[in-house]
Amino acid sequence: MDRVWKRLSAPLSQRAGSLFRHHRFGLYILAVLVGLASGLGAVLFRLGIDAWSQLLSGADDYTVSMGPSVGLLAPLGTWFVLVTPVLSGLLTGPLMSRLGRTPTGHGVAGVIWSTRHGDGTMAPLPALAATTSAALTIGGGGSVGPEGPIAELGASTASIIGRRLRLHRSSIRHLAAAGTAAGIASAFNAPLAGAFFALEVILMGFSADAFIV
């Protein structure tokens, strides 16, 4: 049975790989998957921010109450607002130092650099480290934007999918742009703005195929 299954599955996998590598419809399917993964990453990112803020202050949004902490740092009273950024920094520093190193840089700027000098993808592990660090920073009261980490996470998703399927460089760039567009759209609740941002800044050009992706 194992030999029969291998004989049947091999042609199937080859046809599937050919679909994704040589047909537009396959690329559109992958773009949907990358967009969904990037959107899911954005949801988890926001949940992480809320969870860290809830743990430290006892509130999902501290700016609503503006009182002393009723969470983990309740013994510090109102002084906890000085401790939370420091605590977040103590966690973020080692995390980025050990796992966040990447030659492309991070955030939207990193995706742009990767697009200019490569296929637009980002390394998954540094992207995950940057997203986690951003969630800790924002949840701890730091001044960091959410669009960069989510865009980077979307581009790293394209890296995982595109390179495993051995897609052409142009197809991987389109998928990286799709992931970035989904990240920007989810960060600002602006899907069209995310799409045009990816076209103008990441791909630096307009075409029907790129816009559909």
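Reader: How many of the 20 residues of H8 are buried?

Author: In this predicted model, 16 of the 20 residues of H8 are buried, so the helix is largely enclosed by the rest of the structure.

Reader: And what span should helix H8 have, at 1.5 Å a residue?

Author: Helix H8 covers residues 169–188, and at 1.5 Å a residue it should span 28 Å; the C-alpha atoms at its ends are 29 Å apart, which agrees with that expectation.

Reader: What does the backbone do just after H8?

Author: Asn-189, which comes just after H8, takes a positive phi of about 55°.

Reader: Back inside the helix, is His-174 buried or exposed?

Author: His-174, which is placed in helix H8, has a relative accessible area of 18%, and because the cut-off for buried is under 20%, His-174 counts as buried.

Reader: Which backbone oxygen lies 2.7 Å from a polar atom of the His-174 side chain?

Author: That is the backbone oxygen of Ser-170.

Reader: Changing topic, how many aromatic pairs does the structure hold?

Author: The structure holds two aromatic pairs. One of them joins Phe-196 and Phe-206 in a tilted arrangement, with 6.3 Å from centre to centre and 50° between the planes. This pair links distant parts of the chain, since Phe-196 belongs to helix H9 (residues 191–203) while Phe-206 sits in the loop between H9 and helix H10 (208–212), ten residues apart.

Reader: What do Phe-196, Phe-206 and Phe-211 form together?

Author: Taken together, Phe-196, Phe-206 and Phe-211 form one aromatic cluster.

Reader: Moving to the surface, which residues form the nonpolar patch there?

Author: The patch consists of Leu-76, Trp-79, Val-81, Leu-82 and Val-83, which together have about 470 Å² of accessible area.

Reader: Where is Trp-79 placed, and is Trp-79 buried or exposed?

Author: Trp-79 is found in the loop between helix H3 (62–65) and helix H4 (80–99), and at 61% relative accessibility Trp-79 counts as exposed.

Reader: What about Val-83, where does that one sit?

Author: Val-83 is in helix H4, and its relative accessible area of 32% makes Val-83 partly exposed. Across the sequence, Val-83 and Leu-56 are 27 residues apart, and their C-alpha atoms are 9.6 Å apart in space.

Reader: Last one: which helix holds Met-96, and how many residues apart are Met-96 and Ala-127?

Author: Met-96 is also in helix H4 and counts as partly exposed at 23% relative accessibility. Met-96 and Ala-127 are 31 residues apart along the chain, while 9.9 Å separates their C-alpha atoms.

Terms used:
Residues numbered from 1 in each chain as written. Predicted model: local features only at pLDDT ≥ 70, side-chain atom pairs only at ≥ 80, totals over all residues. Heavy atoms only, no water. Helix = DSSP H or I, 4+ residues; strand = E, 2+ residues; numbered from the N terminus. Expected span 1.5 Å × (residues − 1). Buried < 20%, exposed > 50% of the residue type's maximum accessible area, 1.4 Å probe, protein only. Phe/Tyr/Trp six-rings, centres within 6.5 Å; stacked < 30°, edge-to-face > 60°. Patch = residues over 30% accessible without salt bridge, like charges linked within 9 Å, V, L, I, M, F, W, Y side chains within 5 Å. Areas by Shrake-Rupley, 256 points an atom, 1.4 Å probe, with all protein chains shown as cover. Salt bridge = Lys/Arg side-chain N within 4 Å of Asp/Glu carboxyl O. Polar contact = N/O pair within 3.5 Å; in protein donor to acceptor, adjacent residues only side chain to side chain.
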